[in-house]
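Here is a short tour of one protein model, written to be read alongside the structure. Keep the viewer open and follow along as we go.

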Amino acid sequence: MTVTSAQSIPVAVPASWLKTGKPAAWSLDEIETLFDLSFSDLIFRAQMLHREYHDPNRVQLSTLLSIKTGGCSEDCGYCPQAARYHTGVDNEPMMEIAAVVSAAKLAKENGASRFCMGAAWRGPKQRDLDPVLEMVREVKALGLETCCTLGMLKEGQAEQLKSAGLDYYNHNLDTAPEVYGDIVTTREYQDRLDTLERVRGAGMNVCCGGIVGMGESRRERAGLIAQLANLDPHPESVPINYLVQVEGTPLHEKLHGEKALDWTEFVRTIAVARITMPASFVRLSAGRQEMNEATQAMCFLAGANSIFYGEKLLTTGNPDVARDRALFEKLGIAPL
Ligand code: SAM
Ligand code: DTB
Ligand code: SF4
């Protein structure tokens, strides 16, 4: 591994951005150079920027709920919800609106500030979107921020979600364009960018990130961050997921359940996201259950300031609320 001196990159954020507020253009090489910094230099840089833009002792809490689980038509090599893989996840009907609202109330009582509703769809059909719009209205009325992740949006759907009170739409780029085709075969990278544009066009906040630990190289991780950091404006929320390897998925098969990424490399990814998108919320997302407390603490130090909070992600586990509270207490972190 080449270790680059911190001095060799003149400024963390190009001065042009500080002057104009416009995201700086980051080349793939520049981003890879950040990854190549010594761990200590990289974390120091990320922490400095983190403190410039955010309160370092506050972390935003989002609770996820799968409102429509399993039976998905798509071919995403990491996902337990694709109908074509045998993962033990059943095709369930959409949840009742009242049950979703109850879950949101509980999330609020537990201290979450945002509630994210996910559906295992290629994209929503109009008859599916109608009940979701009602869920958004009712969750919003509880005083929570609302987020949905429903797949690709067609013309006009983002506007309907915005009118119902949707604050954020999550749609991930997942990985670098060069390796994307090895992971997802049923939609193009450009389809994802088109949905992100629709979300922006409707005036909603963008939540967009990806997954690491899928067997990609460092340059490919840099490639994902380059795509995210060159979105203009930056996504307000950037979830960095550590692949949860689920038996029956092609990626589990390929990686044999063995960790494809050292913890330092995951922390580096968080740090590089923080440096290149300093004003965004960087979310330490899937994979926390498989992470020890020290690694999570390093992620917060590297600039993560958001987590998924609650016992479940969509179909897989997440740390208990009590465990997260205890960790926050130890680290002196308060929820936002
Ligand atoms: N079906 C919609 C779609 O794909 O756009 C929304 C839900 S989908 C589950 C949302 C995101 O979850 C995916 O884009 C992917 O980034 C992430 N995800 C899915 N399975 C994962 C896994 N096993 N580990 C980590 N992240 C995962
Ligand atoms: C995101 O970036 N990660 C979340 C959310 N957006 C929808 C999903 C993680 C899913 C992990 C696997 C599962 O629980 O099914
Ligand atoms: Fe379906 Fe989304 Fe899973 Fe892909 S990631 S298989 S679209 S639920």
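## A covered threonine

Thr63 is buried, with a relative accessible area of 11%; buried means under 20% relative accessible area, exposed over 50% and partly exposed in between, with a 1.4 Å probe and protein chains only. You will find Thr63 in strand β1 (residues 58-68). Helices (H or I, at least four residues) and strands (E, at least two) are DSSP runs, numbered from the N terminus.

Leaving out residues up to four places away in sequence, Thr63 touches Ala107, Ala112, Arg114, Phe115, Cys116 and Tyr309, where contact means heavy atoms within 4.5 Å.

## About the model

This is a predicted model, in which local features need pLDDT of at least 70 and side-chain atom pairs count only at pLDDT 80 or more, while totals for chains, interfaces and linings use all residues. Residues are numbered from 1 along each chain as its sequence is written, chains are lettered from A and ligands numbered from 1 in the order in which they are written, and side-chain values use heavy atoms, with hydrogens and water left out.

Six of the six residues of strand β7 (residues 237-242) are buried. Ser237, Pro239 and Asn241 point one way from the strand, while Val238, Ile240 and Tyr242 point the other way. In a regular strand the side chains alternate between the two faces of the sheet.

Strand β6 (residues 210-212) pairs with β7 in the parallel sense over three bridges; two strands pair if DSSP finds at least two bridges between them. Here Ile211 stands opposite Asn241. With β8 (residues 281-284), β7 pairs in the parallel sense over four bridges, and Ile240 stands opposite Leu284.

## One side of helix α6

Which residues of helix α6 are buried? In α6 (residues 157-164) they are Gln157, Ala158, Leu161 and Ala164. They cover an arc of only 125 degrees around the axis, so they sit on the same side of α6; the arc is that of the directions from the helix axis to the C-beta atoms.

These buried residues pack against α5 (126-141), β4 (168-170) and α8 (189-201). Just after α6, Gly165 takes a positive phi of about 110 degrees.

## Phe266 and its contacts

Not counting residues up to four places away in sequence, Phe266 touches Val212, Ile240, Asn241, Tyr242, Leu261, Leu284, Met291 and Cys299.
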